[in-house]
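Please view the structure first.

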Amino acid sequence: MKRALILLALLTLMGTSLALSPAEEAKRQRELFLKQSGGVHPGELFVAMGEELYESLEGNGKTMKDCDFGKGPGVLEGAYAELPKYFKDTNRVEDLDTRVKSCLENVLGLKYDEDFGREEVVALVSYIASFSNEMPINVTLDDPQEKEMFEIGKRLWFWRAGQMDMSCAACHDRYPGRRVRLAPIRNPEQGLSDHWPAYTFSFDKMYTLENRVNFCYDSIQIPHPDFYSEPHIALALYMRFRANGNLLDVPGFTR
Amino acid sequence: MKKVIFTALLLGLGLTLAEGVDDARVLKAIETGGPKFAAAMKQDPSERLCSLYPSGLPADQVSAFVAAEKKKVKYPEKLMGDWKKGRMVFTTPSKGNCYACHAGEPAEPAFGDVGPPLTNFGLRGVGNAMIKYTYEKIFDSWITVPCSTMPRYGVNARLTPEEIADLVAYLLSPESPLNPAVKGGGQ
């Protein structure tokens, strides 16, 4: 019965929201689902899980407070708003997923897939990102590696391939404001990437931007790139640079 | 304002994207995504051109592009198949998945609007020229609109020539439920 009511509410929502802009429609969907979950944002549970990990993980006599996410060791406020960026210690551009992994590996000496895995990374990304909620995205291309990674991201954004001949741009730049089935299409300036990491109610999972990009690739019949690989970092940098000035809405809550 | 200028720079003036970073570096980045990703990201020459010129092919390259695409079309014995099978191809996500981008039967409210509505497509007529146009449009949309967002269903073997012929029948037959405004349609 409750299911039927939810379905009815969903259908009503879809029916009445066709005239709304993608951003307004996303907001409506979010409000409806928050109402139905009793006002509890499931993303907060992952943030709490991340906090517990952040406070408890240790190795090499170090804790995660010794990790530098770009604003100095132990400083989380505003760090996510400036990612991806170049890090001297790893000599590469990293997004938050990658940075969490390299911190746990290099600073704490932990092993991926043994001491921690994807779930822990997602929770930690949720926690660390939450310290940049409602802050403006501020990604820079000052370092030559950042500039190069941005250019790679741009090439990938427009890169048409696979059984569907698709690229990110073929929909997100050509048809922002329209819909694929009922899903609104947004470009980066309209907030395509502003609300990740997000709790996704259709999968009942917490997803980072890397997960979301993977879902995109899978849905255009291109097997997704590995987590923490350069395509992820490049696309995140490209999208976030175009969204500079937009306010982060994290943890997000989405379809 | 900065964003407007940026977008104009990016999409305007037929700039090619290869100027920012060389192919070898991009391919190296793609390799880090793993072998399955790298294999799927391989491009044919047309996909490459569409990627390098996202705002449209340079005028002097269009005719060679279209000629190359035309050579890729394979035809089945009959271009008009079975509309009932075509209806399945149209709706099945792993096949045509046409509702993702197009309106179709009036009773289906969950359609995308990236492409034009196809409701009553049959009003355009069912002459041989229309049948051939429709078949080629689905087999290789880039013949009529170079670099269109619509996938080249036949070229990429997403659909077989027979499945495309079934879609042609679904789109054009007066009996097809897609065509309620065509005499005899909608039943």
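## Contact between the chains

This is a predicted model. Its contact draws 35 residues from chain A and 34 residues from chain B. On the chain B side, α2 (23–31), α3 (35–40) and α4 (45–52) each give at least two residues to the face that touches chain A. The largest share of that face is from α2(B), with four residues.

By residue class, the side of chain B that touches chain A splits into 17 nonpolar, nine polar and eight charged residues.

## A three-stranded sheet in chain A

Chain A holds an open sheet of three strands, in the order β8-β7-β9. The pairing is mixed. From one strand to the next, the twist averages 30°.

Strands β8 and β9 of chain A lie at the edges. Each has a single partner strand, so one side of each has no neighbour in the sheet. Strand β7 of chain A covers residues 198–200. Three bridges link β7(A) to β9(A), and the two strands run parallel. One pairing is specific: A:Tyr199 has A:Phe253 as its bridge partner in β9(A).

## A:Phe253

A:Phe253 sits in strand β9 of chain A, which spans residues 252–254. Is A:Phe253 buried or exposed? A residue is buried if 20 or more other C-beta atoms lie within 10 Å of its own. A:Phe253 has 22 C-beta neighbours inside 10 Å, so A:Phe253 counts as buried.

Leaving out residues up to four places away in sequence, A:Phe253 touches A:Arg30, A:Phe33, A:Leu34, A:His41, A:Gly43, A:Ala198 and A:Tyr199. The list includes A:Tyr199, its bridge partner. A:Lys27 is 226 residues from A:Phe253 along the chain, yet their C-alpha atoms are separated by 9.3 Å.

## Helix α5 of chain A

Helix α5 of chain A runs over residues 118–130 and has 13 residues. From first C-alpha to last, α5(A) reaches 18 Å. That is close to the 18 Å expected at 1.5 Å a residue.

Why is α5(A) described as largely enclosed by the rest of the structure? Because 10 of its 13 residues are buried. The buried residues are A:Val121, A:Val122, A:Ala123, A:Leu124, A:Val125, A:Ser126, A:Tyr127, A:Ile128, A:Ala129 and A:Ser130. Their cover includes α3 (42–56), α4 (96–107) and β8 (205–207) of chain A. Strand β8 of chain A is also an edge strand of the sheet.

Terms used
Residues are numbered from 1 along each chain as its sequence is written. Chains are lettered from A and ligands numbered from 1 in the order in which they are written. This is a predicted model: local features need pLDDT of at least 70, side-chain atom pairs count only at pLDDT 80 or more; totals for chains, interfaces and linings use all residues. Two residues are in contact if their C-beta atoms, placed from the backbone, lie within 7 Å. Ala, Val, Leu, Ile, Met, Phe, Trp, Tyr, Cys and Pro count as nonpolar, Asp, Glu, Lys and Arg as charged, and the others, Gly among them, as polar. A residue is buried if 20 or more other C-beta atoms lie within 10 Å of its own, exposed if 12 or fewer, and partly exposed in between; C-beta atoms are placed from the backbone. The expected span of a helix is 1.5 Å times one less than its number of residues. Two strands pair if DSSP finds at least two bridges between them. Axes are lines fitted to C-alpha atoms, for helices over the stretch in contact, and angles run from 0 to 180 degrees between N-to-C directions.
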